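Please open the structure in your viewer and keep the selection tool at hand. The tour below moves from stop to stop, saying at each one what to select and what is there.

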Amino acid sequence: MDPITHTLAGAAMARAGLDRRTPLAAATLMIAANAPDIDILAMAAGSYPALAFRRGWTHGPIALVLLPFAVTVLIVLWDRWVRLRRDPKAAPIDERMVLLLALIGVLSHPMLDWLNTYGIRLLMPFRDRWFHGDALFIVDPWIWLALATALWLPHRTAWRVRLVGGLVVVYILGMVAASAAAESIARRVAEGQGLAEIEEVLFQPALGNPFVGQLIVATRTEYRVGSFEWFSVTRVRLDGPVIARGDWASSAVVRAARTEDGTDYLTWARMPFVRLEVEASDTVVVFGDARFRGGPAAGGLQGVRIAVGQRPADGR
């Protein structure tokens with residue numbers, strides 16, 4: 001999820017009563033809730049290396065053990081060298097409690113990140129497998145609204161924040177169940193329409209509307225794009241674009257996939273497709289992902305273009 005959601009989650013846990021456990025509890029929870037996203041620094045190496053690295057090592061089991069200690073060290077240093085120097089009479093922090101709160105905050109991060117279609121590699125560095133919840137859009141304004149309301153309305157109390165937090169959890173669980181149901185229904189409809197060799201069905205919730213979303217049905221050779229609406233007479237529509245997966249055995253594609261940009265992009269891509277283009281005397285391999293189509297771009301999620309030299313005599 002986005003940093004605002006992680007920060008609001010940390011703040012809500014604090015206001016629900018955990019901020020009474022020790023000084024700097026709220027700061028600890030909010031910092032820890034964002035800590036795994038330290039991998040944003042990979043953006044300095046470029047968009048494709050960042051795609052290959054993000055939501056991996058810093059979201060896996062080793063980082064989830066080490067990051068709470070790192071956050072605790074940061075909080076302890078701030079407490080000793082800044083807060084207590086400003087106010088020597090202030091109560092010191094409880095270091096063990098800070099560590100526990102940092103653990104809670106850090107663990108909340110992968111739980112939220114799993115919920116969307118972007119994905120997270122929960123087992124890195126032991127396994128490079130992506131996990132996807134397909135339950136929420138990467139930015140959910142309803143969660144923003146609920147948590148922000150609980151935090152900033154006048155006369156807030158811990159029990160009111162806990163109540164709103166519980167409602168948010170119910171909403172999330174409902175979206176997880178609805179997504180699984182939508183994918184199951186869409187698979188049956190696709191099979192009824194004669195689609196064979198279905199490998200995966202993806203439901204992507206729409207921004208701000210939990211009742212509709214995009215569907216992608218992946219077969220061995222193509223992606224069928226459509227939509228799902230819970231309150232429509234025709235819930236499932238597979239009337240969108242048909243995206244061919246492309247010729248992955250092509251020598252040009254094989255060469256492009258071995259390049260640094262190609263390897264980085266394909267490490268992240270969940271529903272990859274490829275096509276060949278000819279520009280002057282060059283063969284250009286275009287890698288894309290059916291989740292983020294809309295025209296390949298020079299960078300980012302939509303795709304990568306890789307020139308592999310002169311077009312071979314066999315046209316491939």
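What follows is a walk through a predicted model.

Begin by selecting helix α6, residues 141-152, together with helix α7, residues 158-192. Two packed helices are described by the angle between their axes and the distance between the axes. Here the angle is about 170° and the axes are 9 Å apart; because angles over 145 degrees count as roughly antiparallel, α6 and α7 are therefore roughly antiparallel to each other. To see the contact, show the side chains of Trp142, Ile143, Ala146, Leu147 and Ala150 on α6, and then those of Val161, Val164, Val168, Tyr171 and Ile172 on α7. Sorted by class, this contact has ten nonpolar residues, with no polar and no charged ones.

Next, select Ile62, Val65, Leu66, Phe69 and Phe126, which make a nonpolar surface patch of about 530 Å². One of these residues, Val65, is found in helix α4, which covers residues 61-86.

The next two stops concern the backbone. Most residues other than glycine have a negative phi, and most peptide bonds are trans. Select Leu24, in the loop between α1 and α2, and you will find a positive phi of about 65°, although this residue is not a glycine. Then go to Pro125, in the loop between α5 and α6, where the peptide bond from Met124 to Pro125 is cis, with omega near 10°.

Which residue forms a salt bridge with Asp39? Select Arg54 along with Asp39, and the closest N and O atoms of the pair are 3.1 Å apart. The pair links distant parts of the chain, since Asp39 lies in the loop between α2 and α3, while Arg54, 15 residues apart from it, lies in the loop between α3 and α4. A search of the whole structure finds 15 salt bridges.

Technical notes. Residues numbered from 1 in each chain as written. Predicted model: local features only at pLDDT ≥ 70, side-chain atom pairs only at ≥ 80, totals over all residues. Heavy atoms only, no water. Patch = residues over 30% accessible without salt bridge, like charges linked within 9 Å, V, L, I, M, F, W, Y side chains within 5 Å. Areas by Shrake-Rupley, 256 points an atom, 1.4 Å probe, with all protein chains shown as cover. Salt bridge = Lys/Arg side-chain N within 4 Å of Asp/Glu carboxyl O. Helix = DSSP H or I, 4+ residues; strand = E, 2+ residues; numbered from the N terminus. Axes fitted to C-alpha atoms, helices over the stretch in contact; angles between N-to-C directions. Parallel < 35°, antiparallel > 145°, perpendicular 65-115°, else oblique. Contact = heavy atoms within 4.5 Å. Nonpolar A, V, L, I, M, F, W, Y, C, P; charged D, E, K, R; others polar.
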